[in-house]
Amino acid sequence: MSITDTVTATAGWNPGALGEIVANDAGRPVLFTNARILTMDPLIGTMAGADLLCLGSLLVGVGPGIITAAGDDNAIVVDCTGMTVVPAVVDTVALAGGRSHRSEYVATLTPGNIADFLVVPDALAADVPSAVTALLTAPEQVRALVAGGRPVLWAGAGVSRRVAAPEAAIPAAADPTGGQRVGVWIDRNDFLHQELTADGRYDETRGGRPHAYQGRYWIDGDRIDYLDDLGFWAYGEFHGDELHHAGYVMELG
């Protein structure tokens, strides 16, 4: 993923706190305080006038009274009076009652989970789905969208130094092995031949049928993502000298 400094959030909501968060390289905790919090955790539930404490990418505390230790911990404090905090990732299975154990509720504002959440005005957050709808239909009304502990939106605008989505065609030069994965990968039964070219394209031969699938690819660590020219997505993983993709195990020919 890339970092962009081109879009800066407006200063209409907690601008001082935003500046401290963006510049936070010292590992200071960040405390969102005095909010209504819809945790979606079946044990914790919903709390009013509560605090949410983040450290790095994780939620480390939720509940009333955390603000009392903010000074001791040198926390960055974000005042959320009149705001509701909800998970940014909606677990629809959990909402439908399809989780049988609390540990399965991963998309919740539970200590130990990833800090992915929204801060929206109370009037837009009768429940979690309505708050998420506000993000999609009226993002200018969103006070904060936090992903992995880092602000993505703030006061309805993009935040500088935010994490941006990868482009669809990162060339093979981004390969951490320095291009050693470029070439023709062949499965053990000689059915699938997948050629990865240096310009970020792939071309598959299946059962002797050339150009069965063609498209773009990019590599992130040991993961490879494909975007076929037909419009569908797929992925694979490198395991040492092997490429695993859609049930096939390939080696570089």
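Reader: How many disulfides does the structure hold?

Author: The structure, which is a predicted model, holds zero disulfides.

Reader: Why is Cys54 called buried?

Author: The word buried applies under 20% relative accessible area. Cys54 has 3% relative accessibility, so it counts as buried. Cys80, at 0%, counts as buried by that rule.

Reader: Why is Leu58 called partly exposed?

Author: Partly exposed lies between the limit for buried, under 20%, and the limit for exposed, over 50%. Leu58 has 34% relative accessibility and therefore counts as partly exposed. Leu58 belongs to strand E4, residues 58-63.

Reader: What makes Leu55, Leu58, Val60 and Ile114 a nonpolar patch?

Author: Membership of a patch requires over 30% relative accessible area and no salt bridge, and nonpolar side chains are joined within 5 Å. Leu58, at 34%, passes the limit on area. Together Leu55, Leu58, Val60 and Ile114 have about 310 Å² of accessible area on the surface.

Reader: Which residues touch the most other members of the largest nonpolar core?

Author: In this core of 29 residues, they are Trp13, Phe32, Leu52, Val78, Phe117, Val119 and Trp154. Among the elements that give two or more residues to the core are helix H1 (15-22), strand E6 (83-87) and strand E7 (117-121).

Reader: How do you know that Val78 is in contact with Trp13?

Author: Contact means heavy atoms within 4.5 Å. Leaving aside neighbours within four places in sequence, the residues in contact with Val78 include Trp13, Ala17, Phe32 and Trp154.

Reader: Why is the pairing of Asp91 and Arg99 called a salt bridge?

Author: The limit is 4 Å between a side-chain nitrogen of Lys or Arg and a carboxyl oxygen of Asp or Glu. The N to O distance for Asp91 and Arg99 is 3.0 Å, so their side chains meet in a salt bridge. Asp91 counts as buried at 10% relative accessibility, whereas Arg99 counts as partly exposed at 29%.

Reader: How do you know that the salt bridge of Asp222 and Arg181 links distant parts of the chain?

Author: The two side chains meet at 2.9 Å, N to O. Asp222 and Arg181 are 41 residues apart. Asp222 lies in the loop between strand E15 (209-220) and strand E16 (223-228), and Arg181 in the loop between strand E11 (162-164) and strand E12 (183-187). Asp222 is partly exposed at 46% relative accessibility, while Arg181 is buried at 10%.

Terms used: Residues are numbered from 1 along each chain as its sequence is written. This is a predicted model: local features need pLDDT of at least 70, side-chain atom pairs count only at pLDDT 80 or more; totals for chains, interfaces and linings use all residues. Side-chain values use heavy atoms; hydrogens and water are left out. Patches are made of residues with over 30% relative accessible area and no salt bridge: like charges are joined within 9 Å, nonpolar side chains (Val, Leu, Ile, Met, Phe, Trp, Tyr) within 5 Å. Accessible areas come from the Shrake-Rupley method with a 1.4 Å probe; for residues, only the protein chains shown count as cover. Helices (H or I, at least four residues) and strands (E, at least two) are DSSP runs, numbered from the N terminus. Buried means under 20% relative accessible area, exposed over 50%, partly exposed in between (1.4 Å probe, protein chains only). A disulfide is a pair of cysteine sulfur atoms within 2.5 Å. A nonpolar core is a set of buried Ala, Val, Leu, Ile, Met, Phe, Trp, Tyr and Cys residues joined through side-chain atoms within 4.5 Å.
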